[in-house]
Amino acid sequence: MSITPITAQDTLQKFIFDNAAVRGELIDISATWREVLSRHEYPTPVKKLLGQMTAAAALLSANLKFNGSIIMQIHGDGPVSLLVVECDADLRLRATAKLAPGAAVADDATLTTLLNATGKGRFVITLDPADKVPGQQPYQGIVPLDGDDVATVIENYMLRSEQLDTKLWLAADDNVSRGLLLQKLPYHGGKAEATPLSEEDALETWNRAVILGSTLKEQELLETGIDVLMQRLFWEETIRVFDPHHPQFHCSCTREKVGNMLKMLGREEVEGVVAELGTVAVNCDFCGQHYEYDKVDVAQLFTSDAPVETLIPAGEVKH
């Protein structure tokens, strides 16, 4: 069983190898991860995969230089049909998983057996700007599910789609979600992000950093705080540490967004549901928040651009 240290808040710590061409990040999002799990019941192997994806999404998001969100998805063809994590520019995270109807998940199930049983699994990264200009669409990359674990899938994506050497070490259980990211900085004509360095030296530094990272075992990552891990792994290296960031759980669902989704379904379909059931009820897949619309709400929804403001918390639905 992993040991959960007492910490005030989740932390993402960036660092860079001084006079070298490697940057890194260590993250502990255990409190955020427990907040995600408090809203869902998942089989143990699904928790492990989704927890690793949640840490990875925050690690990648921390290097994005735009105001928006990164949405990471694995679309599966096995017992698990979908894993999805969203992280915005402020490192606010939410995550959810969907199991196929009647799915049975073995305790020793792997990413391959859960999500790529027939080789049709897909990995998707979407970059969704918060302030889109007219006509701008989110950037989306879709690739086959190439790898036996979450870290390898993302590493392969980053190398093939972004031409960026990336190494990840990820671990998650019922209480803890942590990760380490290393990236080789771009090399341009003897410089790596303004740091004079020969190509041979740059490669040597990268290889040494990867070797050091590869000594990190999953159980050690689960049981050890990231400040201690940094000292253990890189005590012989000269690294520069930046001010920490503090990820947190946040769900961006609103009644307005749900109303817009219902509008997309069309008035005839929505009114048909109300006529049959008396209300249209929608639960957020991420946080479990319950939204409900009766006949009057639906009429207002389709005759006005203003959303209905009444929100019914989960567990307080009137039947």
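## Burial and surface

Of the protein's 319 residues, 47% are buried, meaning under 20% relative accessible area with a 1.4 Å probe, protein chains only. This is a predicted model, where local features need pLDDT of at least 70, side-chain atom pairs count only at pLDDT 80 or more, and totals for chains, interfaces and linings use all residues. Residues are numbered from 1 along each chain as its sequence is written, and side-chain values use heavy atoms, with hydrogens and water left out.

The protein exposes about 16300 Å², an area from the Shrake-Rupley method with a 1.4 Å probe. Carbon and sulfur atoms supply 51% of that area.

## Overall make-up

The protein has ten helices and 15 strands. Both are DSSP runs numbered from the N terminus: helices are H or I with at least four residues, strands are E with at least two.

Contacts are heavy atoms within 4.5 Å. Among contacts with a separation of 6 or more, 64% join residues 24 or more positions apart.

## An open sheet

Five strands form an open sheet in the order β8-β9-β2-β1-β12. Pairing is antiparallel; two strands pair if DSSP finds at least two bridges between them. β8 (166-172) and β12 (239-241) are the edge strands, each pairing on one side only. On average, neighbouring strands are turned by 15° against each other, direction ignored.

Inside this sheet, β2 (residues 22-28) and β9 (residues 177-184) run antiparallel and are joined by seven bridges. Isoleucine 27 has glycine 179 in β9 as its bridge partner.

## A helix on the sheet

Helix α2 (residues 44-61) packs on the sheet. The helix touches β1 (11-17), β2, β8 and β9. Its direction makes about 135° with that of β8. Axes are lines fitted to C-alpha atoms, for helices over the stretch in contact, and angles run from 0 to 180 degrees between N-to-C directions.

Terms used: Buried < 20%, exposed > 50% of the residue type's maximum accessible area, 1.4 Å probe, protein only.
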